[in-house]
Amino acid sequence: MMNLAVVVAVHNRIAYTREFVRAFFRSAYRRFTLFIIDDGCTDGTGQFLRRHYRQVRIPTGDGNLYWTRATNEGIRAACAEGGYDAVVTLNDDVIVPRNFLSELVAAHRLH
């Protein structure tokens, strides 16, 4: 089984982030670590994640990383931690189905 790092950059979209995380942790595929990059959120996103999802890694920025640099920071954090076979990047405004990661890993194995 592949061990995945899932990287999501966020900035002041707590409603989207809450729904994303809730859906993501319903995944049938369990070998993943979620890295949510809090790029200077002032809406309580980081606090919410730390309180309710202690297993989430939360690198932080100052609000000036924007999506690309924040995503790159998350990828760097995952690589520094090590132990991942692949990195998946997503946006916080998607709701993934339970089988999303399972199908992604299966497609990776086929190709």
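Student: Let's start in the sheet. Which residue is the bridge partner of Val7 in E2?

Tutor: That would be Phe35. Before we go on, keep in mind that this is a predicted model. As for the general idea, strands of a sheet pair through backbone hydrogen bonds, either parallel or antiparallel. Here E1 and E2 pair in the parallel sense, over seven bridges.

Student: How many strands are in the sheet, and in what order do they come?

Tutor: There are four, and reading across the open sheet you get E3-E2-E1-E4, with parallel pairing. The edges are strand E3 (60-61) and strand E4 (86-90), each of which pairs on one side only.

Student: What joins E3 to E2?

Tutor: Two bridges do, linking E3 to strand E2 (residues 32-39), and the two strands run parallel. If you want a spot to look at, find Asp39, which stands opposite Gly61 in E3.

Student: Back to E1. Which of its residues point which way, and are they buried or exposed?

Tutor: Leu4, Val6, Val8 and Val10 point one way from E1, Ala5, Val7 and Ala9 point the other way, and all are buried. That's seven of the seven residues of E1, so the strand is largely enclosed by the rest of the structure.

Student: Now the helices. Which strands does H3 lie across?

Tutor: Helix H3 (residues 66-81) lies across strand E1 (4-10), E2 and E4, and it runs at about 140 degrees to E2.

Student: Which residues of H3 are buried?

Tutor: Ala70, Thr71, Gly74 and Ala78. Seen down the axis of H3, these buried residues fall within an arc of 100 degrees, so they line one face of the helix. They pack against E1, E2 and E4. On the face turned away from that buried side you'll find the exposed residues Tyr66, Arg76, Cys79 and Ala80.

Student: What covers the buried residues of H2, and which residues are they?

Tutor: In helix H2 (residues 45-52), the buried ones are Thr45, Gly46, Phe48 and Leu49. Down the axis of H2 they fall within an arc of 160 degrees, so these also line one face of their helix. What covers them includes E1, H1 and E2.

Student: Which residues have a positive phi?

Tutor: Asn12 isn't a glycine, yet its phi is positive, about 55 degrees. It lies in the loop between E1 and H1 and is partly exposed, at 31% relative accessibility. Tyr66, also not a glycine, has a positive phi of about 60 degrees; this residue lies in helix H3 and is exposed, with a relative accessible area of 58%. Gly82 follows H3, and its phi is positive, near 75 degrees.

Student: One last residue. What lies 2.9 Å from a polar atom of the side chain of Asn3?

Tutor: The backbone oxygen of Gly83 does. Asn3 is in the segment before E1, and at 18% relative accessibility it counts as buried. Not counting residues up to four places away in sequence, Asn3 touches Tyr29, Arg31, Phe32, Gly83, Tyr84, Asp85 and Ala86.

Definitions and conventions
Residues are numbered from 1 along each chain as its sequence is written. This is a predicted model: local features need pLDDT of at least 70, side-chain atom pairs count only at pLDDT 80 or more; totals for chains, interfaces and linings use all residues. Side-chain values use heavy atoms; hydrogens and water are left out. Two strands pair if DSSP finds at least two bridges between them. Contact means heavy atoms within 4.5 Å. Axes are lines fitted to C-alpha atoms, for helices over the stretch in contact, and angles run from 0 to 180 degrees between N-to-C directions. Buried means under 20% relative accessible area, exposed over 50%, partly exposed in between (1.4 Å probe, protein chains only). The arc is that of the directions from the helix axis to the C-beta atoms. A polar contact is a pair of N or O atoms within 3.5 Å; within protein, one must be able to donate a hydrogen and the other to accept it, and residues adjacent in sequence count only if both atoms are side-chain atoms.
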